[in-house]
Amino acid sequence: MNDTIAAISTKLGVGAISIIRVSGSKSIEIVNSIFKGKDLTKVDSHTINYGYINNGVEDLDEVLVSVMRSPKTFTRENIVEINCHGGISTTLSILDLIVEKGARLAEPGEFTKRAFLNGRIDLTQAESVMDLIESKTDQSRKLALSSLEGSLKKYIQTFRNKLKHLLANIEVNIDYPEYYDIEEVTKEELKETIKILKEDLTNLIKKSEERQILKNGIKTIIIGRPNVGKSSILNNLLKEEKAIVTDIEGTTRDIVEGSIMFDGIELSLIDTAGIRETDNLAEKIGVEKSLSLINEANLIITVLNGSEELTENDLFILSQVEDKNPVIVLNKNDLPLRINKNKLKFKHIVSTNTNTLDGLTPLKEEIKKMFKLEEISEDDYTYLANNRQLTLAKKSLQSLKDAEESFENNAPIDIVEVDLKEVFELLGNITGENYNDELLDELFANFCVGK
Ligand code: GDP
């Protein structure tokens, strides 16, 4: 990690400016050797310096160079950033020159990896850097930023401190068993603290699972037999003519996708072929696809034509979704209702039409309720951001439960201690207190170069 790395941090292409970032002990010297302007080795830290990049023969570009000295930088190393004119040729020739002078091309995420390895950020913050870059909605941006500012890191630190205190008490208890008083205190504290920690972690996991949806969008499938109004609903939601709407049954053969922003979160919509028994091959493939998509979706919108009695086909579709918490839409409510709502044993049933502007409002309101969208926007933003963090948290919770069980079964205190130590370790893995190279390689491989 002692070498100096360089990369283009902006998107390579034609643009007003590009930024080339250099980090490492030799970064200032390297850039200084190709810079025509002030002596960069002598300028103050955190200054922007005007000049030219020169390859020894000619000037390549007129630039602004930021010099930031260790340790108050992103990587905690010396960082130099060159703002040059955007454009592939200029940017690449400056980068080439920097490499020629002794820097190495950075790997994806290597700047962030250095920030982590040098103790500037923990793993949850590193992961949120990528989340922030990738965030498409207001909500996902807020979540990522909160993590970057260290909300999860602080939460886990506090949690681990409580465990540490508890473990210290247990140690005393094991080392000095003759002090009966200490054992009593420890057992009381143990019982209470384990209970609180368990509840706390359970809540965090639950909340985080709900918020995975904020980050990834609600994957939504619209199903129903042909002609009930699926495409019309999809179109109304998308407010554009993406799916083909016709009166001929089975016209929406392909799966049509689109997404809408919904209260700051993304609803990715998939319209599928009308589900029914069919011999038409193209249609059949669509139907099979829709049934398989049911299991992937976070939200299943099952559409019925409310103005017609339930058909065999409707009943078949309802049977496919009955344990999947779908929202049942009785569409065409501008026509007389012919379905007996009481016969439908579903929790979420709404009545809609696609003819009026607010005809789909009941459906939208139900979705907000189902995903607690209003609550989430007012809530705090500490959460586990991805599967890695969630899996570790769930393992920690299991070990906490094991500790509680051992305790309740009057197991020797050192057995309880083993489980609590496990919780301590697992939580440390979330923040990267303990890490291995393989994990880091995998994690940072998903980053873009220059970050
Ligand atoms: P899909 O096959 O389920 O995708 O159904 P479509 O969206 O293609 O709609 C089938 C037919 O029903 C079209 O003629 C639509 O205009 C009509 N339709 C859709 N929604 C409504 C509604 O709310 N009320 C009425 N009366 N007709 C509708």
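This is a predicted model: local features need pLDDT of at least 70, side-chain atom pairs count only at pLDDT 80 or more; totals for chains, interfaces and linings use all residues.

Trainee: How do helix 4 and helix 5 pack, and are they roughly parallel or antiparallel?
Mentor: Helix 4 (residues 123–134) packs against helix 5 (residues 138–148) with 8 Å between their axes and an angle of about 155°. Angles over 145 degrees count as roughly antiparallel. The two helices, helix 4 and helix 5, are therefore roughly antiparallel.

Trainee: Which residues of helix 4 and helix 5 make the contact?
Mentor: Helix 4 crosses helix 5 in a left-handed manner. On the helix 5 side, the contact is made by Arg 141, Ala 144, Leu 145, Ser 147 and Leu 148, and on the helix 4 side by Gln 125, Ser 128, Val 129, Asp 131 and Leu 132.

Trainee: Does Glu 404 count as buried or exposed?
Mentor: Glu 404 sits in helix 13 (residues 387–408), and it touches Ile 194, Lys 195 and Lys 198, leaving aside residues up to four places away in sequence. The cut-off for buried is under 20% relative accessible area. Glu 404 has 15% relative accessibility, so it counts as buried.

Trainee: Where is Pro 71, and what is the omega of the peptide bond from Ser 70?
Mentor: Pro 71 belongs to the loop between strand 5 (59–68) and strand 6 (79–85). Most peptide bonds are trans. The bond from Ser 70 to Pro 71 is cis, with omega near 5°.

Trainee: What is the phi of His 46?
Mentor: His 46 lies in the loop between strand 3 (35–36) and strand 4 (47–54). Although His 46 is not a glycine, its phi is positive, at about 55°.

Conventions:
Residues are numbered from 1 along each chain as its sequence is written. Side-chain values use heavy atoms; hydrogens and water are left out. Axes are lines fitted to C-alpha atoms, for helices over the stretch in contact, and angles run from 0 to 180 degrees between N-to-C directions. Helices (H or I, at least four residues) and strands (E, at least two) are DSSP runs, numbered from the N terminus. Angles under 35 degrees count as roughly parallel, over 145 as roughly antiparallel, 65 to 115 as roughly perpendicular and the rest as oblique. A crossing is left-handed if the near helix is turned anticlockwise from the far one by less than a right angle, and right-handed if clockwise. Contact means heavy atoms within 4.5 Å. Buried means under 20% relative accessible area, exposed over 50%, partly exposed in between (1.4 Å probe, protein chains only).
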